Amino acid sequence: FISQALEEMKLPPRFETMLVTPRRELSVQLTFLKDNNEIVTFNAYRVQHDNARGPYKGGIRYHPQCDLDDVRSLASLMTWKTAVMDIPFGGAKGGVTVDPSTLTYNELEKLTRKLVHSFRGVIGPHCDIPAPDMNTGANEMAWFFDEYSKYMGFSPAVVTGKPVNLHGSLGREAATGRGVFYAVRNLLDHEGAGAVQGKAFVIQGFGNVGSWAAKLISDHGGKVVCISDINGALFHDDGLEVHRLYDFVSEGGKITDFDQKGSRAIPADDIFTVDCDVFIPAALGAVIDAQVARTMNCKYIVEAANGPTRPDGDEVLNSRGIKVLPDIYANGGGVAVSYMEWVQNLQEFTWSEQEVNEKLEAKMSSSFSNIWKTHAEKKVTLRTAAFMLALNRVLQARQMRGFA
């Protein structure tokens, strides 16, 4: 995707190399004593891709398949995401190669504090600000903030995604899903397709992002006709009762066991073929390949997950006239509100949830307008337009700061 944007921009090769090469890559080993007195060691990584536009920014994930290549590509994605959202951050990513389900609560805390101990020389409120990612959340960020503050003094701005009552931001939990809703609304508006009301939506994934997007779409009159998660998919012609479904799943129920008159369970893979106006992948990456893309029955795809569309799938979707709103914009609500949390921490001042949501709405609208302008002027896809905008902003910042 980046190569397509670079091709359109016709940049000299030296600029291309500079834009895609990370500034710093850090690999460390975290060793600690488990509750059963066993000594264990885990590999951890932090890749700082670019800081031309501001401090490095990006999450830390705990996952058994996490490796340096994975972290490197995600760090690059964060650079383009913060740039396309016009947030004064760069891009970074971190990860630990661990299955967190095999560790106790106490061991997770030890692991997180060891991570801070190893990274504290290269992170900080004005240098590199981590955040939650896959299998990490408010608990890990609270430990991170506490451990860093032991060394450097009171520093709530060192991480975002903290608990609300420990210098977190109101509105952060819903931010990515709310951003997806604003992205959908902006796309339909600019396409001249009308409002969310009455449109049919299919959402793959009913975690934090998918559930918030579904609830907001439903609240504004949209029909969420199909939702899936790891247990399967549920379909209803006239729209699912999203809020009731969310409560049911939150209490441990399986999505396919939900009782709504007229609804029926379908195989999870059949979700791609359901007829709808907007399809929202909000689960795993690389789920839409060329084969899946040929079977899809939607007019628009809004990428709430990171990298849900493979390059071959993207090609097929473009040839079929299905417009794709890329992940670097569509799920940018999370990093936008992370930025707001960081600002509140630096100011030692708290905004209301309404203020946060209003600022997020304005940021999603202005960012979309800039992408749409490039899309219309350059006659390129929305994805290529978003990457061109991001690459250009980073390159301009690099050039203005100089290379000496």
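## Strand 4 and its partners

Strand 2 (residues 39-50) and strand 4 pair in the antiparallel sense over 6 bridges; two strands count as paired if DSSP finds at least two bridges between them. Helices (H or I, at least four residues) and strands (E, at least two) are DSSP runs, numbered from the N terminus. In this pairing, Gln 48 stands opposite Ala 92 of strand 4.

Strand 3 (residues 56-63) also pairs with strand 4, in the parallel sense, over 4 bridges. Here His 63 is opposite Thr 97 of strand 4. From strand 3 the chain crosses through helix 3 to strand 4 in a right-handed β-α-β crossover (with the strands pointing away from the viewer, the path from the first strand over the helix to the second runs clockwise). Strand 4 (residues 91-97) is largely enclosed by the rest of the structure, because 6 of its 7 residues are buried (under 20% relative accessible area; exposed is over 50%, partly exposed in between; 1.4 Å probe, protein chains only).

## Basis of the model

This is a predicted model, in which local features need pLDDT of at least 70 and side-chain atom pairs count only at pLDDT 80 or more, while totals for chains, interfaces and linings use all residues. Residues are numbered from 1 along each chain as its sequence is written, and side-chain values use heavy atoms, leaving out hydrogens and water.

## Helix 1

Helix 1 (residues 2-9) has Ile 2, Ala 5, Leu 6 and Met 9 buried. These residues lie on the same side of helix 1 because they cover an arc of only 100° around the axis, taken from the directions from the helix axis to the C-beta atoms. Ser 3 and Glu 7, on the other side of helix 1, are exposed.

The cover over the buried residues of helix 1 includes helix 2 (13-20), helix 3 (68-84) and helix 14 (382-401), where contact means heavy atoms within 4.5 Å. Lys 10 follows helix 1 and has a positive phi, near 55°.
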